[in-house]
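Welcome to this short tour!

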Amino acid sequence: MTITVIVCAYNEARHLPVCIFSLLAQSRPADEILIINNASTDGTGDVAREIARYAPSVRVVDEPAKGLVVARETARRNARGSVLAYVDADCRVPLRWLERVEAQFETSSRSSSPAVAITGPYKFYDWDASGRAIIGLYDVFVAPVTHVAVHHVLGIGAILYGGNFAARAVALERIGGFDKTIEFHGEDTNLGRRLAAIGRVRMCPDTWVWTSARRYVAMGKRKVFSLYLRNFWSEILRHRPADREHLDVRA
């Protein structure tokens with residue numbers, strides 16, 4: 001198994017170094033770290049290339065067309081690994097994250113239903129106590145039950161954390177890659193739904209990552225939860241997101 005870790009970055013010069021350094025410190029080194037500089041207007045590209053000068057495993061690809069899903073598809077087409085692991089640029093991964101990702105795929109390969117993708121939850125390094133408590137309850141009581149219902153019982157989709165998932169390259173190729181018609185909201189559910197149609201998507205609590213709560217801070221908890229809930233069920237039931245526009249918290 002070879003693993004390419006992918007970080008798509010638009011105007012992430014401030015967050016990107018910490019993310020990449022956490023990836024370079026992994027107990028199981030990535031075979032490749034691919035940074036997609038996605039139409040950045042700040043110093044993201046310069047930061048990425050400076051890191052790549054001193055880290056042979058890091059490669060930078062410029063994607064001039066702005067868009068998260070566009071950048072993820074560009075990464076898929078340029079990646080060399082048999083497993084593609086995606087994290088957001090504001091994520092910070094624990095030291096054994098990639099080791100655990102690999103172990104989940106290896107364990108699943110010995111089962112009767114090998115996983116085509118795995119996903120793990122978030123922990124927030126810059127949020128208040130109430131926000132962290134709400135997400136903790138969601139990860140324990142809501143997400144696992146919902147995943148079992150839509151994936152294992154009804155067979156109509158899966159929960160997939162868009163900033164923390166890994167998929168087999170052949171599985172992504174089989175479903176035609178990422179759906180570039182989606183701007184932002186619902187893109188993770190869209191991918192999970194299409195991957196679930198060809199194999200098993202595993203939720204793995206031990207493959208969690210740290211991430212930023214900046215969207216919740218900028219928009220408010222109630223609005224963000226409502227957006228995610230509405231677009232999740234719209235993608236699952238109607239096969240399209242409910243919202244076409246989104247607030248870019250990096251602008």
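**First stop: one arginine**

Select Arg-193: its relative accessibility is 13%, so it counts as buried (buried means under 20% relative accessible area, exposed over 50%, partly exposed in between, with a 1.4 Å probe and protein chains only). Before moving on, note that this is a predicted model, where local features need pLDDT of at least 70, side-chain atom pairs count only at pLDDT 80 or more, and totals for chains, interfaces and linings use all residues. Residues are numbered from 1 along each chain as its sequence is written, and side-chain values use heavy atoms, with hydrogens and water left out.

Helices here are DSSP runs of H or I with at least four residues, strands are runs of E with at least two, and both are numbered from the N terminus.

**Next: its surroundings**

Which residues is Arg-193 in contact with, leaving aside its neighbours within four places in sequence? Select Ile-156, Gly-157, Ala-158, Glu-235, Ile-236 and His-239 to see them; contact means heavy atoms within 4.5 Å. Then zoom in on Glu-235, whose side chain meets that of Arg-193 in a polar contact of 3.1 Å.  Such a contact is a pair of N or O atoms within 3.5 Å; within protein, one must be able to donate a hydrogen and the other to accept it, and residues adjacent in sequence count only if both atoms are side-chain atoms.

**Last: zoom out**

Show the whole protein chain, with its 9 helices and 9 strands. Its C-alpha atoms fill a box of roughly 50 × 45 × 35 Å along the principal axes. Of its 251 residues, 53% count as buried.
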